[in-house]
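Open the model in your viewer and keep the selection tool ready. The stops below can be followed in order.

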Amino acid sequence: VYDAAPPAWRLGAHERVAKALAVRGAGPATRADHVARYARQGDLEAVELLAAAAATAADTAPAAAARLYSTAVSLLPEADVERRAGLLGPLALAQAAAGQLEQARDSLDEVLRLLPPEPAAMRVWLIAPAATIELMLGEIAQQRRRLLAALERVPPEHSAVLELTMGASQYYTVDYAAMREWAARAAEHARADEPSVRATAEAMGGLATLMLGERETGQAMIDSGLERLSGIDDATLATRLDHPYMVAAALLLAERFGDALGPVTRAMTIARATRQDRM
């Protein structure tokens, strides 16, 4: 019956269903699929509902969340830059969590194009995940160009995250000297409100030093990073769960398997408590 109904009638039926569900108190997630079918560009009420439904689904069904966010973005007027940028960020996270890496990188790039060109913390925090996605895709040359171009523009107080990302990528090219150098820069430039950056940089630099044959110094640096990480409160660590993962990776590659259990177990507990299960 549904397939045999005229397309225009089906659109109207979805709209009537959505309105009936709203009257009955149904939440955004229940109404979203109907709204997505009939909403037209410029319908900001539909955009808000789809975004709310996507946020609800992001932790348990990232592919569905990505679809809803994408639909919400498509309904926005072209001139609504601020709202578009605000939706593209969560869209990129959902796409990455669903394994849609190319699409996630493209969404992050679109946000970067919409932001003011001036260096700012927000721009840095978007460039770093885009570069990480490129590493996951094996596009190391493109990642390096992105990071070096960004580092030419940002002041030292915003550079630590980018330097840390650059350092991590050197491991995959087996350039441990460069890895140690970039980690040292990240540790030097990490701000007081970036304690996990400093902890990760110390552990990463320690692993590089270890690989270069300086075992005692390398292990001491990894110990320092692990100790610094353990002193960071859960709320702060919840904003950068990739950092305990990187510290644990350094411990594993240093064949300190028992020590790696601590940061991994803690990070998993924080991830579940803050509904970041995708991590």
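What follows is a walk through helices, salt bridges and aromatic side chains in a predicted model.

**Helix 1**

Select residues 7–23, which make up helix 1, and show the side chains of E15 and K19. The two side chains form a salt bridge, 3.6 Å from N to O. They stand 4 residues apart, about one turn of the helix. An α-helix has 3.6 residues a turn, so residues three or four places apart point the same way. E15 is partly exposed at 25% relative accessible area, while K19, at 52%, is exposed. This bridge is one of 20 salt bridges in the structure.

**From helix 3 to helix 5**

Next select R83 and E48. A salt bridge connects their side chains, with 3.8 Å between N and O. Here the pair links distant parts of the chain: R83 belongs to helix 5 and E48 to helix 3, and 35 residues separate them. R83 is partly exposed, with a relative accessible area of 31%, and E48 is exposed, with 51%.

Stay on helix 3, residues 44–57, and move to A57. Is A57 buried or exposed? With a relative accessibility of 16%, A57 counts as buried, because the cut-off for buried is under 20%. Beyond residues up to four places away in sequence, A57 touches P62 and A65.

**Helix 6 and its cover**

Select residues 101–114. This is helix 6, with 14 residues, and the distance from its first C-alpha to its last is 20 Å, close to the 20 Å expected. Colour its buried residues: L101, A104, R105, S107, L108, D109, V111 and L112. Which elements cover them? Helix 5 (81–97), helix 7 (121–136) and helix 8 are among those that do.

R146 sits in helix 8 and D109 in helix 6, so the bridge ties together parts that are 37 residues apart in sequence. Both R146 and D109 are buried.

**Helix 8**

Remain on helix 8, residues 140–153, and select Q143. Q143 is buried, and its relative accessible area is 0%. Leaving out neighbours within four places in sequence, show what Q143 contacts: A131, T132, E134, L135, T165 and S169.

**Aromatic rings**

The structure has 2 aromatic pairs. Select Y171 and Y172 for one of them: the ring centres are 5.5 Å apart and the planes are at 90 degrees, so the pair is edge-to-face. Y171 and Y176 make a tilted pair, 6.1 Å centre to centre with 50 degrees between the planes. Y171, Y172 and Y176 together form one aromatic cluster.

**Arginines over rings**

Two stops remain. Select R10 and Y2: R10 lies over the face of Y2, 5.2 Å from the ring centre. Finish at R185 and W182, where R185 is placed over the face of W182 at 4.3 Å from the ring centre.

Key
Residues numbered from 1 in each chain as written. Predicted model: local features only at pLDDT ≥ 70, side-chain atom pairs only at ≥ 80, totals over all residues. Heavy atoms only, no water. Phe/Tyr/Trp six-rings, centres within 6.5 Å; stacked < 30°, edge-to-face > 60°. Lys NZ or Arg CZ within 6 Å of the ring centre and 35° of its normal. Helix = DSSP H or I, 4+ residues; strand = E, 2+ residues; numbered from the N terminus. Buried < 20%, exposed > 50% of the residue type's maximum accessible area, 1.4 Å probe, protein only. Contact = heavy atoms within 4.5 Å. Expected span 1.5 Å × (residues − 1). Salt bridge = Lys/Arg side-chain N within 4 Å of Asp/Glu carboxyl O.
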